[in-house]
Amino acid sequence: FYSKYILRSMLKRFIPDADKPYTAPISQINNNIHMFFKSYLKKLKGEKKELIKQIVNVYPYYKQQPDKTIHFTRGILEMFAYMPDHRLDLLQIITERGIQIDASLSRQQLACYGRLKKKEKKEGSGSSESELDSGGGTTD
């Protein structure tokens with residue numbers, strides 16, 4: 001009965017909260033989360049399907065801050081090591097969310113990204129992503 005809530009709570013730990021900064025390095029927190037999942041799934045092998053369901057439920061909304069999606073996706077990808085029988089399910093979830101993000105991009109954001117990439121090639125250095133996030137302030 002409580003497994004759904006336990007899994008959901010642990011999965012939410014992959015998502016950084018700007019209001020509550022971590023007291024430990026993110027890499028250490030992620031290692032601890034994965035150690036928990038490995039132990040949990042080792043003892044309760046039947047809970048892998050419930051974990052997949054909860055990944056779908058907890059996955060950050062695609063229009064939220066990109067760092068939330070990035071951290072969560074990175075955490076899910078690291079599960080490949082100890083969930084080999086569910087790799088296809090994990091990859092399908094990540095792909096579906098990637099498609100949602102891609103479909104939600106406006107022409108303005110795509111044009112801005114194209115301009116930034118051209119500018120980056122010319123200058124040979126990285127550019128600010130804040131310009132990309134705001135849409136660059138121009139319309140095409």
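## Basis

The model is predicted: local features need pLDDT of at least 70, side-chain atom pairs count only at pLDDT 80 or more, and totals for chains, interfaces and linings use all residues. Residues are numbered from 1 along each chain as its sequence is written, and side-chain values use heavy atoms, with hydrogens and water left out.

## Packing of α1 and α2

Two packed helices are described by the angle between their axes and the distance between the axes. Helix α1 spans residues 3-12 and helix α2 residues 26-43; they pack at an angle of about 155°, and their axes are 10 Å apart. Helices here are DSSP runs (H or I, at least four residues), numbered from the N terminus. Axes are lines fitted to C-alpha atoms over the stretch in contact, and angles run from 0 to 180 degrees between N-to-C directions. The angle therefore makes α1 roughly antiparallel to α2 (the term applies to angles over 145 degrees). The crossing of α1 past α2 is left-handed, meaning that the near helix is turned anticlockwise from the far one by less than a right angle.

From α1, Ser3, Ile6, Leu7, Met10 and Leu11 meet Ile33, Phe36, Phe37 and Tyr40 of α2; contact means heavy atoms within 4.5 Å. The residues of this contact divide into eight nonpolar, one polar and no charged. Nonpolar covers Ala, Val, Leu, Ile, Met, Phe, Trp, Tyr, Cys and Pro; charged covers Asp, Glu, Lys and Arg; the others, Gly among them, are polar.

## Nonpolar core

The largest nonpolar core has 23 residues, of which Leu11, Phe37, Leu51, Ile55, Phe72, Ile76 and Met79 touch the most other members. Such a core is a set of buried Ala, Val, Leu, Ile, Met, Phe, Trp, Tyr and Cys residues joined through side-chain atoms within 4.5 Å. At least two of its residues come from each of α1, α2, α3 (48-58), α4 (66-78) and α5 (87-104). The most come from α2, which gives five.

Not counting residues up to four places away in sequence, Phe72 touches Leu11, Phe14, Ile15, Ile55, Val58, Tyr59 and Pro60.

Thr73 lies in helix α4 and counts as buried because its relative accessibility is 15%; buried means under 20% relative accessible area (1.4 Å probe, protein chains only). Beyond its neighbours within four places in sequence, Thr73 is in contact with Tyr59 and Ile94. Its C-alpha atom is separated by 9.9 Å from that of Gly98, 25 residues apart along the chain.

Lys48 is found in helix α3 and counts as buried at 16% relative accessibility. Not counting residues up to four places away in sequence, Lys48 touches Leu41, Tyr82, Met83, Asp85 and His86.

Methods
Angles under 35 degrees count as roughly parallel, over 145 as roughly antiparallel, 65 to 115 as roughly perpendicular and the rest as oblique. Buried means under 20% relative accessible area, exposed over 50%, partly exposed in between (1.4 Å probe, protein chains only).
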